[in-house]
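Subject: Structure handover

Hi,

As promised, here is the structure for you to open in your viewer. My notes on what turned up in it follow below.

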Amino acid sequence: MNLATPASVDDAISIQQEMRHRVILQDDFAELQTIVGVDVGYDPSRNLSRAALVVLQQGELTASVIAFDTTPFPYVPGLLSFREVPVVMKALACLAVLPDMLFVDGQGIAHPRRLGIAAHLGVLTGLPAIGIAKKRLCGVYEEPDLHKGARSELIHNNEKIGTVLRSKERVKPLFISPGHRVSHETAVRLVEQYLAHHRLPEPTRLADILSKTPSKIPTGISKNLSLF
């Protein structure tokens, strides 16, 4: 699929409006053996985007990839995926085997046009994907109770677009939404399955660490590439 940078904001919005109709919101995947956590950071001084991927096979961290690329699109709220998807695609191309599922730091369909980065990546790659965001982009919700596991629905224009999940007692909730080939219910169940002692599920928690401080990623990883 064409990864050309949109010529304008209107062009980017048109692409989102077309791609949103390809998103599948039903479970459409086999047994999950390999989960890849995805996070993206930036080096503004060099106009670089940095994608960090961590690979978990049956729950064990086995590989990581860092890829860099020129940031191709200006910052525009709601169009963040056009800045991040190209460098993530570059990093995914370095994996020996395609993952069974993407855990993406960002929105899935919890987006004004139902195409956050997890949905964008899911449609582009055809891979099942879940968006795990630290902040709300759009929608309204009732604050979940303070205990771990409490949740409420995230609603936008009378449509459920995600789940607000208290992933750890007395911490800010996460905003979970399907990206592609995953239902709302399964997205939340899988995120809970990968929660340990932290606010974030392990795939995106480790990707977040790698994107900020690669030296702090746990040892024993079989591959750590840095690609320019």
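Which residues have the most contacts inside the largest nonpolar core? They are L53, V88 and L102, in a core of 29 residues. Please keep in mind throughout that this is a predicted model.

**The cores**

Helix α3 provides the largest share, six residues. There is also a second, separate core, with 25 residues, and L61, I66, Y194 and A207 are included in it. As background, nonpolar side chains in soluble globular proteins tend to be buried together.

**Helix α3**

How many of the nine residues of α3 are buried? Eight of them are, so the helix is largely enclosed by the rest of the structure. The buried ones are I117, A118, A119, H120, L121, G122, V123 and L124. Their cover includes the helices α1 (9–19) and α2 as well as the strands β4, β5 (129–133) and β8. Just after α3 comes G126, which has a positive phi of about 80 degrees.

**The chain as a whole**

The protein chain has five helices and nine strands. Read from the N terminus, their order is α-β-β-β-α-β-α-β-β-β-β-α-α-β. The radius of gyration is 16 Å, close to the 17 Å given by the globule rule for 228 residues, so the chain is as compact as a globular protein of that length. Along the principal axes, the C-alpha atoms fill a box of roughly 45 × 45 × 35 Å.

Of the 228 residues, 54% are buried. If we take the contacts between residues at least 6 apart in sequence, 64% of them join residues at least 24 apart. The accessible surface of the chain is about 10,500 Å², and carbon and sulfur atoms account for 51% of that.

**Aromatic pairs**

A pair of aromatic rings is described by the distance of the centres and the angle of the planes. The count here is three aromatic pairs. One of them has F73 and F82 with ring centres 5.8 Å apart and planes at 45 degrees, so this pair is tilted. F73 and F82 are both buried.

F103 and Y194 make an edge-to-face pair, with 5.5 Å from centre to centre and 70 degrees between the planes. This pair links distant parts of the chain: F103 belongs to strand β4, whereas Y194 is in the loop between α4 and α5 (202–212), 91 residues apart. Both F103 and Y194 are buried.

**Cysteines**

How many disulfides are there? The count is zero.

**Two loop residues**

S183 lies in the loop between β8 (174–180) and α4 (184–193). Is S183 buried or exposed? S183 is buried, because its relative accessible area of 10% is under the 20% cut-off. Leaving out its neighbours within four places in sequence, S183 is in contact with L25, Q26, D27 and P178. From S183 to G162, which is 21 residues away along the chain, the C-alpha atoms are separated by 9.9 Å.

L95 sits in the loop between α2 and β4. With a relative accessibility of 13%, L95 also counts as buried. The C-alpha atoms of L95 and V85 are separated by 16 Å, and these two residues are ten apart along the chain.

That is everything from my side for now. Happy to go through any of it with you.

Best wishes

Note on methods:
Residues are numbered from 1 along each chain as its sequence is written. Side-chain values use heavy atoms; hydrogens and water are left out. A nonpolar core is a set of buried Ala, Val, Leu, Ile, Met, Phe, Trp, Tyr and Cys residues joined through side-chain atoms within 4.5 Å. Buried means under 20% relative accessible area, exposed over 50%, partly exposed in between (1.4 Å probe, protein chains only). Helices (H or I, at least four residues) and strands (E, at least two) are DSSP runs, numbered from the N terminus. A disulfide is a pair of cysteine sulfur atoms within 2.5 Å. Contact means heavy atoms within 4.5 Å. The radius of gyration is taken over C-alpha atoms; the globule rule is 2.2 Å times the number of residues to the power 0.38. Accessible areas come from the Shrake-Rupley method with a 1.4 Å probe; for residues, only the protein chains shown count as cover. Rings of Phe, Tyr and Trp (its six-membered ring) pair if their centres lie within 6.5 Å; planes under 30 degrees apart count as stacked, over 60 as edge-to-face and the rest as tilted.
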